Amino acid sequence: MISSFLLSIAFPLRRGAARSFRLLQIVALLCAFLALPRADAAPRVGSHDGYTRLVFDLPGNATSRVSAAGRSVTVKLSVRLRAEQGVLKAAGVTAYAVAGGTVTVTLSGNGSAAKTRVSVLPRSGAAAARLVIDVPTSAAALASRPAAVTRPVATATVTRPRVVLDAGHGGGDSGMVSRWVKEKDVTLDVALRTRAELIKHGVDVVMVRTADNWLSADKRSDLDARSRLATTGRVSAYISIHVNAGGASAQGIETFYFGQPPVGGNSRAVLENGGGSVGQELTRQAASSAQNLLGDILAQAKLSFSRQLAQKVQSRLLQYTGAVNRGVKTDAFYVIRNPTTPAILTEIGFGSSPTEGPRLATPAYREKIAQGLARAILDFLNTQ
């Protein structure tokens with residue numbers, strides 16, 4: 001449209017072939033310039049528990065080289081952005097500047113250039129490629145977040161966020177069973193649907209299981225194997241999916257992060273940790289681990305991220321399903337006891353409920369749950 005408009009101006013002005021040719025050259029150059037892929041240079045800024053995240057959209061996939069010195073972090077990209085600079089009013093940062101392929105972020109007095117984390121994410125579907133800069137703002141985050149990695153441009157690699165999805169139970173362990181559903185079937189279907197949505201947004205998904213199987217017939221070994229996946233490689237989040245059981249009137253969604261079991265011993269964790277004496281013993285061990293972690297600043301930072309993830313999951317699941325809100329809680333689930341990764345367990349409804357049981361049996365409702373889960377995870381990862 002722009003080129004047609006400019007041509008309509010250019011041709012009446014021509015007084016000779018030479019002049020017409022020059023005008024056509026100008027039009028062609030202008031159109032080519034307007035057609036170049038461009039991205040807004042100003043970052044999106046998000047304040048999170050323990051860090052501030054800056055996201056710069058990129059015009060295409062890129063490699064990067066990072067350097068951190070004093071109170072500034074500089075990223076040299078293999079793509080070019082529009083020149084721009086401005087003031088930032090968020091914890092840990094004061095300003096940014098973009099010039100061609102160079103992005104510089106200036107940190108405030110409590111920011112740490114050495115502990116700032118930089119990632120370049122590739123284009124995925126409708127989501128643009130982007131540069132993500134996480135600046136730690138709390139003492140715990142400053143102590144635990146790894147330093148920015150500096151690589152030569154020729155060897156720089158794109159880092160994709162990795163998420164572990166744990167479809168609860170499986171194989172000889174059916175979990176809860178009602179006239180409408182088996183827990184192991186619902187959790188697997190929801191996990192597979194969630195994986196499909198996350199992959200569309202460039203997230204690397206590790207599945208604890210992709211079929212009707214368990215990792216071990218021994219409950220302790222099974223939970224150990226599931227938990228270890230949270231520390232294999234670089235995992236951004238671990239989500240364990242379950243279906244609840246209770247009386248006929250019990251319904252709703254609740255999400256847990258790791259911590260002490262409820263006072264009085266009425267713990268959901270006992271059942272999910274194996275039930276009976278096995279579940280009680282594993283819950284006791286997990287609770288003891290939680291008690292030991294209370295004074296550990298690094299573990300507390302991870303538990304804080306787990307709580308944030310749980311809140312996002314609970315909120316999105318309620319938004320997408322309209323289910324009853326049973327809240328975000330803390331309990332000593334053995335499978336999410338390892339504090340090195342933000343980890344939660346969500347009970348997506350009561351399969352025993354005459355209201356929720358039939359819903360959980362339908363593909364349409366499971367898809368709503370999966371979309372809510374995926375959106376919450378993307379929110380947590382700050383991914384579009």
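A nonpolar core is a set of buried Ala, Val, Leu, Ile, Met, Phe, Trp, Tyr and Cys residues joined through side-chain atoms within 4.5 Å. With that in hand, here are some close-up views of this predicted model.

**View 1. The largest nonpolar core has 39 residues.** Within this core, V163, L198, I239 and I348 touch the most other members. At least two residues each come from β8, α4, β9, β10, β11 (253-258), α8 (297-321), β13 and α10. Helix α10 gives the largest share, 9 residues. Take a moment with I348: setting aside residues up to four places away in sequence, I348 touches V186, V190, I241, H242, V243, I253, L317, L360 and I369. Another core, of 25 residues, lies apart from this one and includes V79, L81, V93 and Y96.

**View 2. Six strands form an open sheet with mixed pairing.** Reading across, the order is β9-β8-β10-β13-β11-β12. The edges belong to β9 (204-207) and β12 (325-331); each has a single partner strand, so one side of each is left without a neighbour in the sheet. On average, and ignoring direction, neighbouring strands are turned by 20° against each other. Strands of a sheet pair through backbone hydrogen bonds, in either a parallel or an antiparallel fashion. Look next at β8 (residues 162-167) and β9, which run parallel and are joined by 4 bridges. In this pair, V163 has V205 of β9 as its bridge partner. V163 is also one of the core residues that touch the most other members.

**View 3. Helix α10 lies across β8, β10 (237-244) and β13 (343-350).** Against β10, the helix runs at about 155°. Helix α10 covers residues 363-381, and at 1.5 Å a residue its 19 residues should span 27 Å; the end C-alpha atoms are 27 Å apart, which agrees. Just after the helix, N382 takes a positive phi of about 55°.

**View 4. A network of salt bridges links D189, R193, R366 and E367.** Start with D189 and R193, whose closest N and O atoms are 3.0 Å apart in a salt bridge. These two are 4 residues apart in helix α4 (residues 183-200), and therefore about one helical turn separates them. D189 also meets R366 in a salt bridge, at 3.3 Å from N to O. R193 in turn forms a salt bridge with E367, where the closest N and O atoms are 2.9 Å apart. Here too distant parts of the chain are linked: R193 sits in helix α4 and E367 in helix α10, 174 residues apart.

View 5. D189, at 21%, counts as partly exposed. R193 is partly exposed with a relative accessible area of 23%, and E367 is partly exposed with 28%. For context, a search of the whole structure finds 13 salt bridges.

Note on methods: Residues are numbered from 1 along each chain as its sequence is written. This is a predicted model: local features need pLDDT of at least 70, side-chain atom pairs count only at pLDDT 80 or more; totals for chains, interfaces and linings use all residues. Side-chain values use heavy atoms; hydrogens and water are left out. The expected span of a helix is 1.5 Å times one less than its number of residues. A salt bridge is a side-chain nitrogen of Lys or Arg within 4 Å of a carboxyl oxygen of Asp or Glu. Buried means under 20% relative accessible area, exposed over 50%, partly exposed in between (1.4 Å probe, protein chains only). Two strands pair if DSSP finds at least two bridges between them. Axes are lines fitted to C-alpha atoms, for helices over the stretch in contact, and angles run from 0 to 180 degrees between N-to-C directions. Contact means heavy atoms within 4.5 Å.
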